[in-house]
Amino acid sequence: TGIPFDGGLRCLCWKILLNYLPLEKALWSSLLKKQRDLYSQFLKEMIIQPGIAKANLGVSREDVTLEDHPLNPNPDSRWNTYFKDNEVLLQIDKDVRRLYPDMAFFQRPTDYPCLLILDPQNEFETLRKRVEQTTLKSQTVARNRSGVTNVSSSSPLKTTPSSLSEYEVLPNGCEAHWEVVERILFIYAKLNPGIAYVQGMNEIVGPLYYTFATDPNSEWKEHAEADTFFCFTNLMAEIRDNFIKSLDDSQCGITYKMEKVYSTLKEKDVELYLKLQEQNIKPQFFAFRWLTLLLSQEFLLPDVIRIWDSLFADDKRFDFLLLVCCAMLTLIRDQLLEGDFTLNMRLLQDYPISDVHLILKKAKELQDSK
């Protein structure tokens with residue numbers, strides 16, 4: 001039935017539901033301290049160390065060459081790792097800058113910038129500097145149809161509404177919330193090389209971070225980054241199979257789950273199921289995004305957060321999500337039964353109902369009607 005918004009209760013409940021905090025209240029403060037220290041360690045090893053190494057490069061040409069250098073072909077070379085990481089970082093950067101564009105929150109400076117990284121005594125690169133240097137160096141080469149190559153000076157990250165320059169407003173020592181999200185995803189990718197970073201993970205981490213970073217309890221709010229990282233890691237452990245292409249057709253992959261939406265619909269509303277089948281509207285066309293991103297792209301952020309209350313509270317872990325998807329279909333059944341392929345695809349890809357309470361109520365009815 002959802003969590004009251006007052007008093008930071010949601011932040012606490014989510015941490016428990018995502019198995020970050022144990023049920024034993026007495027253990028909370030020691031566990032939080034341990035995890036937050038561990039996260040600081042990750043920052044030192046994965047962001048600060050490479051940044052220092054880069055900043056110190058000019059110190060002594062001799063030492064650098066003996067130990068490691070940018071052209072070192074050895075796959076274990078620190079430079080090789082650095083360049084590889086940059087590829088992942090550019091992809092993350094592109095995605096986190098676009099997080100919830102209709103909300104100013106992610107562009108605003110955080111009240112608790114990471115002092116470890118923004119310490120003015122340090123000269124090493126932050127992730128943002130890394131991105132800027134990488135993008136400014138690589139010029140975009142566009143080939144026109146006659147085969148002539150145009151080199152434009154625009155950076156590959158320039159998506160029309162928001163070029164890099166728009167984000168240069170924050171003075172030194174400040175960082176925007178999207179930069180914090182970028183760091184969380186970068187460290188996750190480094191620690192989970194098997195999956196690294198896949199587009200869409202930014203949509204999963206966004207609502208978690210927003211919830212923790214707006215916690216009324218300032219002591220908890222200050223540690224939103226570390227807490228988000230561990231809750232995100234736990235959540236990804238449960239849904240990561242959706243992001244792994246090679247598992248698509250296995251029992252734990254996304255194709256199986258999409259089929260399950262249709263088999264559940266067939267049970268609950270056979271007429272609607274047959275209509276979608278007859279129009280050859282496959283679940284891949286809409287349910288892929290619904291399931292993979294836990295509906296985070298279909299509704300406004302406060303509504304997504306409300307849906308997630310119910311999803312995290314599901315003891316069968318995301319079975320309820322299938323019922324929510326079915327509820328979304330049955331609530332627009334009349335329009336779907338009347339519509340043709342084009343009209344129905346438009347309805348499913350831009351879902352018309354914004355009242356999530358209605359959807360969750362319907363999903364609960366479907367659950368109880370088993």
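**View 1. Glu179 and what it touches.** Leaving aside residues up to four places away in sequence, Glu179 touches Arg128 and Leu170, a contact being heavy atoms within 4.5 Å. Glu179 belongs to helix H7, residues 177-191; helices here are DSSP runs of H or I with at least four residues, numbered from the N terminus. With a relative accessible area of 8%, Glu179 is buried, and buried means under 20% relative accessible area with a 1.4 Å probe, protein chains only. A word on the model: it is predicted, so local features need pLDDT of at least 70 and side-chain atom pairs count only at pLDDT 80 or more, while totals for chains, interfaces and linings use all residues. Residues are numbered from 1 along each chain as its sequence is written, and side-chain values use heavy atoms, with hydrogens and water left out.

**View 2. One face of H12.** Helix H12 (residues 270-278) has Leu272, Tyr273, Lys275 and Leu276 as its buried residues. Looking down the H12 axis, they fall within an arc of 160°, so they line one face of the helix; the arc is taken from the directions between the helix axis and the C-beta atoms. They pack against helices H11 (254-268), H15 (319-331) and H16 (333-338). Just past H12, Asn280 has a positive phi of about 60°.

**View 3. Aromatic pairs.** The structure has 18 of these; rings of Phe, Tyr and Trp (its six-membered ring) pair if their centres lie within 6.5 Å, with planes under 30 degrees apart called stacked, over 60 edge-to-face and the rest tilted. Tyr100 and Phe106 have ring centres 6.1 Å apart and planes at 15°, so this pair is stacked.

**View 4. A ring cluster, and a lysine over a ring.** Tyr262, Tyr273, Phe286, Trp290, Phe299 and Tyr351 are joined into a cluster by ring pairs. Elsewhere, the charged end of Lys15 sits over the ring of Phe212, 4.5 Å from its centre; for this, NZ of Lys or CZ of Arg must be within 6 Å of the ring centre and within 35 degrees of the ring normal.

**View 5. Leu294 in its loop.** Leu294 sits in the loop between helix H13 (287-292) and helix H14 (301-312). Its phi is positive, about 50°, although Leu294 is not a glycine. At 1% relative accessibility, Leu294 counts as buried.

How values were computed
Helix = DSSP H or I, 4+ residues; strand = E, 2+ residues; numbered from the N terminus. Buried < 20%, exposed > 50% of the residue type's maximum accessible area, 1.4 Å probe, protein only.
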